[in-house]
Amino acid sequence: FSSYIAIIMQIFIGFFIASVISINELCNKYIVIIVFFAAVSLVFFAVGTIYPSIATRFPVIIGDASVDYYNAGIYVFMQPKGYGTFQLTTRNSGICWEPGCYQCFLNIALLLLLEEKKKGIATNFTLKFAILVITVFTTFSTTGILILGLILVSYIKTWRGKSRLASIFVPIIGAVLTVYVFASTSSGQRIIQKIVSEIQNSGTDGQNFFNRISLGHIKYLFEGGFWFFGMSFSRLLTFGIEGLWNSIIHSILCLGIPFTLIQMFGYWKGCKVLVSRKVLLFIILLMCASTETLYWRVFFNTIAAYGWIYAVQNRKELSL
């Protein structure tokens with residue numbers, strides 16, 4: 001029952017946030033908060049790379065899978081299990097449980113920042129832009145790098161603008177990152193190698209990108225019948241599946257097709273009122289939810305809630 005209660009609470013929290021905070025205010029505050037955590041994570045990530053044992057000064061949380069977590073409050077150090085000596089992962093997870101999750105919030109903040117720049121209301125744009133782009137790279141997330149590429153290509157005229165500073169600054173960032181990527185060989189975490197291996201071979205965590213999005217698990221929708229309205233979280237456990245990284249498929253299997261599609265439609269409506277490039281944001285939300293357990297998280301629910309609330313307001317205005 002805890003899973004159902006959690007989802008219901010997250011839906012209500014999303015609607016509460018959307019009802020008391022305007023979209024422009026939310027976007028501005030979200031960018032400021034994420035840029036702050038991104039800057040903090042870069043500092044901790046650098047310190048952890050140079051002096052890994054600093055993590056032992058913080059409380060440890062023993063992980064169920066392949067890593068243990070050292071909680072510094074505003075940053076989480078990740079220690080891979082199975083090594084003879086103490087070392088940290090070469091990926092930046094920020095305040096999240098996994099770098100792939102962290103990149104979702106970073107990339108959405110970057111997109112919203114570019115929207116503000118497009119409207120002419122962005123402040124300290126170059127600094128915020130640089131912090132977010134660099135932090136996404138330090139997550140070494142395959143999905144994150146792909147999403148970052150989509151955003152930068154889609155908004156190339158926005159972030160380049162007519163500023164000579166931007167034209168000079170961005171290539172410098174690219175050069176520094178390129179050197180970092182090819183110079184960093186620890187744990188085989190080169191970005192290019194990681195992306196290629198996850199798409200073609202077994203990936204760095206024992207499974208490739210396509211296994212991670214769990215498309216093969218859709219077969220359980222037809223196990224013992226057609227679970228159009230979902231089979232429940234408990235029944236899914238009987239198939240030996242404790243959780244899926246693809247939270248969209250997880251939602252379809254446990255909560256049903258109608259409930260999942262209603263949420264997805266809410267995403268679409270929210271994207272339409274949040275940004276001008278609604279299709280891009282919608283694709284990003286689906287990509288994030290397909291690789292991380294984010295489909296029913298509060299921030300994602302808040303985006304959907306804005307869509308529903310503004311749709312109702314527009315209907316009332318039209319009726320008047």
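I started with the surface of this predicted model: the chain exposes about 16,200 Å², of which carbon and sulfur atoms supply 67%. Accessible areas come from the Shrake-Rupley method with a 1.4 Å probe, and for residues only the protein chains shown count as cover.

On conventions, I noted that residues are numbered from 1 along each chain as its sequence is written, and that side-chain values use heavy atoms, with hydrogens and water left out. Local features need pLDDT of at least 70 and side-chain atom pairs count only at pLDDT 80 or more, while totals for chains, interfaces and linings use all residues.

Next I looked up secondary structure and found 14 helices and three strands in the chain (DSSP runs numbered from the N terminus: helices are H or I, at least four residues; strands are E, at least two).

I then checked burial: 48% of the 320 residues are buried (under 20% relative accessible area, 1.4 Å probe, protein chains only).

Last, I looked at L148, which lies in helix α5 (residues 142–154). L148 is buried, with a relative accessible area of 2%. Leaving aside neighbours within four places in sequence, L148 is in contact (heavy atoms within 4.5 Å) with N107, L110, V133, V136 and F137. The C-alpha atoms of L148 and F137 are separated by 8.8 Å.

Conventions:
Buried means under 20% relative accessible area, exposed over 50%, partly exposed in between (1.4 Å probe, protein chains only).
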